[in-house]
Amino acid sequence: MHARTTEARRAAVLGSPVAHSLSPVLHRAAYEALGLTGWTYDRFEVDEAALPGFVDGLGAEWAGLSLTMPLKRAVIPLLDEISETAASVEAVNTLVFGEDGRRTGDNTDVPGMVAALREHGIEEVESAAVLGAGATASSALAALSRVCTGEVVAYVRSEARAAEMRRWGERLDVEVRTAPWEDAAEALRAPLVIATTPAGTTDALAHAVPERPATLFDVLYEPWPTMLAARWSMVGGAVVGGLDLLVHQAVLQVEQMTGRVPAPLDAMRKAGEHALASR
């Protein structure tokens, strides 16, 4: 059912820190393109301790929330229902309020990754490599469970992280082998490389990009391009960026919160590109 355009509804992104979030730019662009003149989207600095009180204090005008770190796991006990995707990675980035106030949690990062890859022509790969082992890496494994038919090698900095990635692989039914970070240059020869590490972490790998690289999915969007992505693109490799992921996961959030399908992907992407160029 389509949301009424003049109905006053609210949504927001929560996290800590959250000032850098592009979500308001993307969601507001969607509302404008959809003619949802009564809708607003804000950002709130909320940590784990403050989250229950914040959510409990929201009124009936609230349609949904986007959740960023460190709230993606902390929100789960506050929900009435959780999607299979969110449960599989123990992370919720989308909370939708039903008309009866029921709270449903979902994870749009995973299908957002898959959609971003498909937009760049990546439907299926025989193997892949993941750089890093944090929360985004588990989402990457979940996405790879849908597009990778063979082994995924995860390059990590400690045995504890390696064990964690192997556990995620078993849980998500992905064949995961781990390797030390010192060997991360070997990852760059994979048909698909997903870099999930913080800014600057992969800079030292830029010199090791092979002559004919395949596809790099670097989840960062600021700073952009990363040194690795710039070198990858320079030698002719295909690059999927963090803005691609951000826009695709936001599209799914807008659709769930507003009931409007499809959400305006192009308008949201242009708004995100303009905002990043202005920073």
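Predicted model: local features only at pLDDT ≥ 70, side-chain atom pairs only at ≥ 80, totals over all residues.
Ser 66 sits in strand 3, and strand 3 spans residues 62-67. Who does Ser 66 touch, once neighbours within four places in sequence are set aside? Its contacts are Ala 12, Val 13, Leu 14, His 27, Tyr 41, Asn 93, Gln 253 and Met 257.

Now hop over to another serine, Ser 138, in helix 5, which covers residues 135-147. Ser 138 has a relative accessible area of 4%, and because buried means under 20%, Ser 138 counts as buried too. Skip the neighbours within four places in sequence again, and Ser 138 is in contact with Val 89, Trp 168 and Leu 172.

Strand 3 and helix 5 both turn up again at the largest pocket, where each supplies at least two residues of the lining. The other elements that do so are helix 4 (109-119), strand 8 (152-156), helix 6 (159-172) and helix 8 (242-258). Helix 8 gives the most, with 5 residues.

As for the pocket itself, about 1300 Å³ of space lies in it. Sorted by class, the lining comes out as 21 nonpolar, 18 polar and 9 charged residues.

Technical notes:
Residues numbered from 1 in each chain as written. Heavy atoms only, no water. Helix = DSSP H or I, 4+ residues; strand = E, 2+ residues; numbered from the N terminus. Buried < 20%, exposed > 50% of the residue type's maximum accessible area, 1.4 Å probe, protein only. Contact = heavy atoms within 4.5 Å. 1 Å grid on protein atoms, 1.4 Å probe; cavity = no way out; pocket = protein on both sides within 12 Å on 5 of 7 lines; lining within 4 Å. Points joined across faces, edges and corners; volume = space filled by probe spheres on them. Nonpolar A, V, L, I, M, F, W, Y, C, P; charged D, E, K, R; others polar.
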